[in-house]
Amino acid sequence: MPGPFEVEELALRLRGRLAAKRRADQMRAALEAGLAAAVIDPLTGLHNRRYAVPQLARIAAAARREDRPFAVMIADLDHFKQVNDRHGHAAGDAVLTEVARRLRAGLGPDALAARIGGEEFLLVVPDMQRHAAEAAARRLCATVAERPFALPDGQGPVRVTISIGLAVGPDPMAAGHAEPEALLVQADRALYRAKARGRNCVRLGRPAA
């Protein structure tokens, strides 16, 4: 304010500016919270399907441009319904939350981890060859299986395992918008084979002929 000025007027204007800034900060915080809620699974804190599928497409496009491999895994808890039936849904939620934490901790900082279904997770790891991807998936299975899970209200602990279907891109049989979907189909079919082979294991998907 160019002088001369009244102190009371200066104080009034300052209060007005501060109030406007508080309102702007509140609106910005509400917008950021809304955006986060749209792409984050509230139970596990991982990304959700809405975020993960477009992100997979971006990873696939970058991998094809740079001629680098990447791994796509679908992990599913084995016999998860039994946990809910025997111990209740609060116990099931606790197991899902801890499985998500172990999966996230077992991946590198550049990996994508998302909960895409009730007990199903999508894991995408850039710049990873097939043999390394298979080893990483087996480590994730072991990480989940090796330590029992504590449950609320003093229940448990219970042991839980996961099965993983794995696909490795780029897919030579698909490109563009078709590639992410093709890799998801490969990983999903491999997951069914892992379930059929006794669970708590990893199976590798193959490109369609």
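## Helix packing and local features

Helix α2 (residues 49-66) packs against α6 at an angle of about 110 degrees, and the two axes lie 9 Å apart. The two helices, α2 and α6, are therefore roughly perpendicular to each other. On the α2 side, the residues that meet α6 are L56, A57, A60 and R64; on the α6 side, the partners are E179, P180 and L184. These descriptions refer to a predicted model.

**Confidence**

The average pLDDT of the chain is 88, and 89% of the residues score at least 70. Over residues 31-35, pLDDT stays under 50. For residues 31-35 the model has zero contacts beyond four places in sequence.

**Packing around α4**

Two further helix pairs involve α4. Helix α4 (residues 89-105) and helix α5 (residues 130-145) pack at about 140 degrees, with their axes 10 Å apart. That angle makes α4 oblique to α5. The crossing in which α4 passes α5 is right-handed. Here V99, R102 and L103 of α4 meet L140, T143 and V144 of α5.

Helix α3 (residues 80-87) also packs with α4: their axes come within 6 Å and cross at roughly 140 degrees. That makes α3 oblique to α4. From α3, the residues F80, V83, N84 and H87 take part; they meet H89, A91, G92, V95 and L96 in α4.

| Helix pair | Angle | Axes |
|---|---|---|
| α2 and α6 | about 110 degrees | 9 Å apart |
| α4 and α5 | about 140 degrees | 10 Å apart |
| α3 and α4 | roughly 140 degrees | within 6 Å |

**Aromatic rings**

The charged end of R102 sits over the ring of F149, at 3.9 Å from the ring centre. Aromatic pairs, by contrast, number zero in the structure.

**Backbone features in loops**

Two loop residues call for separate mention. H79 lies in the loop between β2 (70-77) and α3. The phi angle of H79 is near 55 degrees, which is a positive value in a residue other than glycine.

P170 is placed in the loop between β5 (162-169) and α6 (178-196). The peptide bond from G169 to P170 is cis, and its omega is near -5 degrees.

Key:
Residues are numbered from 1 along each chain as its sequence is written. This is a predicted model: local features need pLDDT of at least 70, side-chain atom pairs count only at pLDDT 80 or more; totals for chains, interfaces and linings use all residues. Side-chain values use heavy atoms; hydrogens and water are left out. Rings of Phe, Tyr and Trp (its six-membered ring) pair if their centres lie within 6.5 Å; planes under 30 degrees apart count as stacked, over 60 as edge-to-face and the rest as tilted. A charge sits over a ring if NZ of Lys or CZ of Arg is within 6 Å of the ring centre and within 35 degrees of the ring normal. pLDDT is the predictor's confidence in each residue, from 0 to 100. Contact means heavy atoms within 4.5 Å. Axes are lines fitted to C-alpha atoms, for helices over the stretch in contact, and angles run from 0 to 180 degrees between N-to-C directions. Helices (H or I, at least four residues) and strands (E, at least two) are DSSP runs, numbered from the N terminus. Angles under 35 degrees count as roughly parallel, over 145 as roughly antiparallel, 65 to 115 as roughly perpendicular and the rest as oblique. A crossing is left-handed if the near helix is turned anticlockwise from the far one by less than a right angle, and right-handed if clockwise.
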